[in-house]
Amino acid sequence: MLTMMVSSRFQLVFLFLFCTVCVGEERDIYLVLVEGDPPVAFFQDRMSYNEVLKAHAKHLEASHDQLLQSTLEEGAYNKLYTFSHIVNGFSVHTTPTQANKLKNAPGVRLVEKDRGAKMMTTYTPKFLGLPEGVWTTEGGGSNVGEGIVIGFVDSGINPFHPSFAYDPRDRYPSNRTRFLRVCDEGPHFPKSSCNGKIVSARFFAAGAQARGFINASIDILSPFDAVGHGSHVASTAAGNHGVPVVVNGFYYGRASGMAPRARIAVYKAIYPSGGTATDVLAAIDQATKDGVDILTLSIGPDEPPQNRLTVLSMFDIFMLFARKAGVVVAQAVGNHGPGPYTTVSYGPWAVGVAACDTDRAYPSSLVLGNGMRIGGIGLSGPSFGEGLLQYKLVLAKDAILAHGDFPRTPDFIDECQHPEALDPVIVQGSVVICTFSAGFLNGSSNLKTIINTARILGFMGFVFVANPTYGDFIAEPYPFSIPGIMILKASDTQIILDYYEKQTERNDKGVVMAYHGRAAIREGRIATYNEKSPVVSRFSSRGPNFIDVKRNPTDLLKPDILAPGHQIWAAWSPMSVQDPILKGSNFGLVSGTSMATPHIAGVAALIKQRNPSWSPSMIASALATTATTHDNHGEPLMAQGSELYRLIRSTPFDHGAGLVNPSQAIDPGLVLTSGFEDYMSFLCSLPNTDPEIIKTAIGEPCTNSFHAPSDLNIPSLTISALAGSQLVRRSFKNVAGKVETYVCAVVPPNGVAVELHPPWFTIGPDGTQDVEVKLNVTQVQDTFSYGEIVLTGSLKHIVRIPLSILPVSLS
């Protein structure tokens with residue numbers, strides 16, 4: 001996918017509001033939290049849902065209705081959802097004037113305007129060592145994930161895809177009866193879609209409908225996925241084992257989810273035409289109520305909240321209470337990299353996932369008549385003759401019809417977007433050079449149209465080249481139904497054009513008289529596996545984490561973990577309404593932190609299967625402390641930076657704790673635990689924060705506070721302004737089931753001396769051990785510096801904790 005895209009639309013909307021209360025005011029969606037009884041998620045016996053919890057939910061809903069009726073004028077609002085499980089609140093479609101009335105109403109804690117929500121858009125099980133590791137110990141790929149339900153709040157699912165098929169011969173055992181199964185029927189989604197693999201499917205559209213997003217032709221009101229994104233995410237985490245990947249008749253191998261036997265619960269809340277936070281939050285509330293074990297959020301607000309702390313946005317509050325209810329939350333950190341302070345994952349209660357590549361690549365090449373080969377990308381078969389036969393090479397602008405009735409704009413002249421602009425006699429049977437230009441820069445031109453032009457006019461193949469005027473570009477190796485290749489570097493384009501000009505005869509007016517240049521396109525669908533990896537992807541959002549819209553840093557590491565998210569094969573929807581080039585395909589090779597997040601959700605399911613009693617914080621700790629910070633060459637992790645095709649040294653603000661290591665994560669030796677009370681103490685210790693703000697947002701007072709936010713017992717240590725010295729503690733629990741002795745070591749950050757006490761310890765099964773970490777500034781630094789604490793166990797467990805410290809003064 002080209003990264004130079006247009007992100008805005010120009011729409012002209014005429015609103016006629018016949019409302020005596022709100023003349024001239026447009027309605028919007030507001031999210032409201034209310035004081036009162038605790039949410040039903042925290043009743044001890046979830047099996048008593050029908051008797052106790054339903055009555056409680058009905059009571060909350062009635063109280064919300066009464067609040068609205070007593071506060072707002074009749075006809076001035078429309079309630080969209082009641083949130084009655086993990087929080088006490090509702091969402092309402094009304095005007096700013098009415099919303100202000102709600103803010104001042106008795107019993108209302110918090111009112112937040114809906115900021116919208118977006119999607120953060122095979123080989124990876126082997127890359128992560130699953131077939132030889134976890135899968136082997138759990139009985140093979142046909143067993144792993146058994147008994148775990150993963151919830152996906154996303155764009156829905158394609159229930160007809162083989163990654164989600166159910167075969168009664170597989171003997172799927174009945175899942176735990178506590179999980180609530182509901183199957184919303186609708187267009188493209190019959191009742192049979194919930195088949196044993198997909199155990200539940202719902203859709204949430206009240207917010208999208210209130211905003212006027214719904215376009216009946218593409219925004220399907222059922223759990224069906226018209227985009228492909230939700231299907232891709234679900235199959236990456238929990239798709240069936242060994243599903244053949246075939247695109248345009250070519251077999252690319254077999255795909256498997258991280259936890260192929262895990263069940264899938266679908267919560268569609270994002271639509272092609274747009275998404276709202278209210279639909280997403282309603283889906284999170286419902287997923288927690290239903291009883292999912294893992295929640296996958298490859299969607300969410302794409303920017304920080306404007307008027308409150310990042311960790312106190314409504315989205316983060318919902319994730320906090322889902323975590324309190326026992327759900328592991330995996331959240332995409334966003335696709336705004338590689339700049340600093342770009343993460344959209346803020347709270348310690350969600351596992352923020354960054355994206356990297358794997359060692360797989362799909363190289364392709366263009367062979368010129370002089371024997372020179374130019375490397376490029378494109379999942380394309382070779383030109384006729386397997387690349388050995390060569391064909392006339394034509395630059396598109398030299399084949400333009402001289403007297404054609406069309407504008408002389410780049411899309412007609414350079415970009416091969418209009419077949420009527422090209423002379424069919426010249427281009428038929430030729431390899432045609434199409435050039436990146438203004439249309440691709442602003443998003444009005446696309447590769448799908450080049451392919452259509454090539455097919456209509458009978459190109460032997462196309463070469464889509466970088467434009468020296470615009471420089472290099474980045475693209476994904478999309479599958480092409482005809483021979484084609486993308487040349488991403490302007491320097492390579494210049495080599496092709498130099499050859500072309502030397503082989504082209506022109507008259508004194510510059511008109512081509514004869515084409516002597518020749519070229520062939522080689523096979524581009526065969527993978528190689530020798531790339532340096534993992535490398536943090538350029539698009540992956542980065543830390544430092546921050547507390548407000550001014551990007552003031554906070555003492556908490558984000559991202560938390562790194563997982564493959566670049567060029568991932570997984571299930572797709574043939575409708576593919578947002579990606580025309582993948583229309584008709586059952587699989588997509590796509591990239592994003594959206595793709596990295598379900599890898600973590602799937603691995604979390606494997607840990608939960610092995611250790612069913614573990615809390616979310618224990619699972620998150622196991623993921624982090626066992627992660628690796630070295631690549632396949634044994635060298636420190638690298639990251640893509642702002643300069644194309646050049647790597648920089650990766651830091652914890654790029655990769656978090658490191659690349660997830662499933663085989664180690666299921667047996668981490670030690671874990672660090674934290675619960676809701678600890679998260680409250682973390683919030684209450686944030687600098688320059690009024691405890692009343694915390695109480696208003698969370699609904700509970702600040703009864704305890706850490707000395708500093710860095711005291712939260714998590715598997716990382718970040719201090720954004722270390723002055724003089726500071727003492728921090730971390731508490732470890734032995735989950736290995738055996739007595740083990742650990743030796744403590746540290747790699748100190750630049751400018752900081754680090755002492756650990758005790759230097760070693762012996763710990764028994766289920767025992768706990770505190771380790772004091774004393775930090776002293778030895779030299780002031782201008783930027784963060786990095787190190788790590790390493791605990792090495794006598795039974796070969798290794799526990800790593802990354803350090804990210806900014807030493808600002810000696811005292």
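Predicted model: local features only at pLDDT ≥ 70, side-chain atom pairs only at ≥ 80, totals over all residues.
**Exercise 1. Work out the disulfide pairing: how many disulfides does a search of the whole structure find, and what is the pairing in sequence order?**

Solution. A disulfide is a covalent bond between the sulfur atoms of two cysteines. The search of the whole structure gives 3 disulfides, and besides the pair treated above there is a link from Cys183 to Cys194, with S to S at 2.1 Å. The link of Cys183 and Cys194 is right-handed, with 90° about the S-S bond. Both Cys183 and Cys194 are placed in the loop between β6 (149–154) and β7 (198–203), 11 residues apart. Cys183 has a relative accessible area of 11% and is therefore buried.

The disulfide that remains to be described joins Cys684 to Cys702, at an S to S distance of 1.9 Å. With -85° about its S-S bond, the link of Cys684 and Cys702 is left-handed. Here the pair links distant parts of the chain, Cys684 being in helix α18 (residues 676–684) and Cys702 in the loop between α19 (691–698) and β33 (717–723), 18 residues apart. Cys684, at 14% relative accessibility, counts as buried, whereas Cys702 is partly exposed, with a relative accessible area of 29%. When the bonded cysteines are numbered in sequence order, the pairing reads 1-2, 3-4, 5-6.

Two further cysteines can be classified by the cut-off already used: Cys356 is buried, with a relative accessible area of 0%, and Cys744 is buried, with a relative accessible area of 12%.

**Exercise 2. Examine the cover of two helices: how many residues of α7 are buried, and which residues of α8 are buried?**

Solution. Begin with the geometry of helix α7 (residues 277–290), which has 14 residues and reaches 20 Å from its first C-alpha to its last, close to the 20 Å expected at 1.5 Å a residue. As for cover, 14 of the 14 residues of α7 are buried, so this helix is largely enclosed by the rest of the structure. Just after α7, Gly291 takes a positive phi of about 105°.

Helix α8 (residues 314–324) is mostly covered, 10 of its 11 residues being buried. These buried residues are Met314, Phe315, Asp316, Ile317, Phe318, Met319, Leu320, Phe321, Ala322 and Arg323, a list that includes the charged side chains of Asp316 and Arg323. Just after α8, a positive phi of about 100° is found at Gly326.

**Exercise 3. Locate Lys550: in which loop does Lys550 lie, and is Lys550 buried or exposed?**

Solution. Lys550 lies in the loop between β26 (535–536) and β27 (561–564). Its relative accessibility is 69%, so Lys550 counts as exposed, the cut-off for this class being over 50%. Lys550 and Tyr341 are 209 residues apart in sequence, yet their C-alpha atoms are 9.9 Å apart in space.

**Exercise 4. Describe the protein as a whole: how many helices and strands does the protein have, and what is its radius of gyration?**

Solution. The protein has 19 helices and 40 strands. Its radius of gyration is 28 Å, close to the 28 Å that the globule rule gives for 811 residues, so the protein is as compact as a globular protein of that length. The C-alpha atoms fill a box of roughly 85 × 70 × 60 Å, taken along the principal axes. Of the 811 residues, 60% are buried. The accessible surface comes to about 31,200 Å², and 52% of it belongs to carbon and sulfur atoms. Finally, there are 63 positive and 71 negative side chains, and the centres of the two sets lie 4 Å apart.

Methods:
Residues numbered from 1 in each chain as written. Heavy atoms only, no water. Helix = DSSP H or I, 4+ residues; strand = E, 2+ residues; numbered from the N terminus. Expected span 1.5 Å × (residues − 1). Buried < 20%, exposed > 50% of the residue type's maximum accessible area, 1.4 Å probe, protein only. Disulfide = S-S within 2.5 Å. Rg over C-alpha atoms; globule rule 2.2 N^0.38 Å. Areas by Shrake-Rupley, 256 points an atom, 1.4 Å probe, with all protein chains shown as cover. Charge placed at Lys NZ, Arg CZ, Asp CG, Glu CD.
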